Every structure is written in C-alpha cells, then in structure tokens.
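Here is my note for a colleague new to this model. Please keep the structure in view while reading the points.

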Amino acid sequence: MILNFSFKLIAGREGICCKFTLFRTYRALSAAPVDVLWQKIINLADVSWHPLLSSTNAPKGLTAKPGIIYQVVTRLIPIPVRIFVERVRPGELLSVRVLAIPGVEKLVTYQIESTVCGTYVSYSVTLRGWLSPLIWWLIRPYAARVASELAQAAEQIAAL
C-alpha cells in the first residue's frame, strides 16, 4: 500500500486557489492465472466483485477498449456515474477516468503482473480537486478492498 498526498496553495489574479492530489495503490496476491484476472477486469458488464459499484449499463460481453464511455451506479449513492476507458494494455493494465461531479477528478488503474509466487493485482486511485479529501474519506474503506475482492473473484472462477 502506497499513499501520496499533496496540497498546493496558489495565489493568482483571481485570488487564492487550492489544489489537492491524492494517490494510493493497493496490491493483492492471487493464485488465479493472469488470463482469468484480466477477463474479470475488462468485463465491463460484471461489477459483482467490486465493493464500490453495484451495476452498470454496459451490455454483456462488452470488453474495455480505449474511448468507451459507460455508466455505473455506486453502492454509496444510487446516482449514475460515467466512466471513460483511457488506456488498455492487454493482460497488463486498464486505466479509467471517473466523471462523477465537478470539483473532483478520479483516475483508476488496474495492473496485473505475474510472478513466481502468483499474480499481483494492483488497484491505484488518483483523486484531484478541491473535493478530493471529502470523496477520499467516503470511499477509502471500499477502495482498500477492491484488489483483494478482485483476486478472490478470479480465484473462484479459476477453481471451477
């Protein structure tokens, strides 16, 4: 687990401006193969394993490709949130931008790396904007579970 937080106070013509940035990475070790984990991550219609998301409007079988925009409903607030898929490196990395509310920008990155011990799943969250401390306070307990719950869901599929 890595935490990075920055706060900048900037004075300009318009007055004083605050910039918050928070970056946190969570990692989990999984016994599931890379292919199973990757299929679980890029299946946009299945968010059953995700502790923050309850449902999505993505059709079954839709996989993540750069440029796709779809909606999800969170478990915290039943309001649809748009998600934009930014980068996809097959079998390695998926990066999405969450377009929720003005005042906060959220970037989420899932990364998979295979090692001798098993497969590591990394879940990185970057929050920017003046509302980021409040949003982080709300999602922190759920964000801490994403990587481990993804690993568990993939291991259940691999065991079948």
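1. Start with a pair of side chains. Arginine 27 and glutamate 113 meet in a salt bridge, at 3.4 Å from N to O. The pair links distant parts of the chain: arginine 27 sits in strand β2 (residues 15–30) and glutamate 113 in strand β7, 86 residues apart. A salt bridge here is a side-chain nitrogen of Lys or Arg within 4 Å of a carboxyl oxygen of Asp or Glu. Arginine 27 is partly exposed, at 44% relative accessible area. Glutamate 113 is also partly exposed, at 38%. Buried means under 20% relative accessible area, exposed over 50%, and partly exposed in between (1.4 Å probe, protein chains only).

2. A word on the source. This is a predicted model: local features need pLDDT of at least 70, side-chain atom pairs count only at pLDDT 80 or more, and totals for chains, interfaces and linings use all residues. Residues are numbered from 1 along each chain as its sequence is written, and side-chain values use heavy atoms, with hydrogens and water left out.

3. How many salt bridges does a search of the whole structure find? The count is 7. Aspartate 46 pairs with lysine 40, their closest N and O atoms 2.7 Å apart. Lysine 40 counts as buried, at 10% relative accessibility. Arginine 97 and glutamate 105 form a salt bridge at 2.3 Å between closest N and O atoms. Arginine 97 is buried at 18%, while glutamate 105 is partly exposed at 32%. Glu86, Arg97, Glu105 and Arg128 are linked in a network of salt bridges.

4. Now the overall layout. The chain has 3 helices and 8 strands. Helices (H or I, at least four residues) and strands (E, at least two) are DSSP runs, numbered from the N terminus. Along the sequence the pattern is β-β-α-β-β-β-β-β-β-α-α. Of the 160 residues, 40% count as buried.

5. Next, the largest pocket. Its volume is about 680 Å³. Of its 33 lining residues, the closest to the centre are Leu53, Thr74, Val81, Val98 and Lys106. A pocket is an open set of points on a 1 Å grid over the protein atoms alone, where a 1.4 Å probe fits, with protein on both sides within 12 Å along at least five of seven lines; lining residues have an atom within 4 Å of a point. The volume is the space filled by probe spheres set on the points, which are joined across faces, edges and corners.
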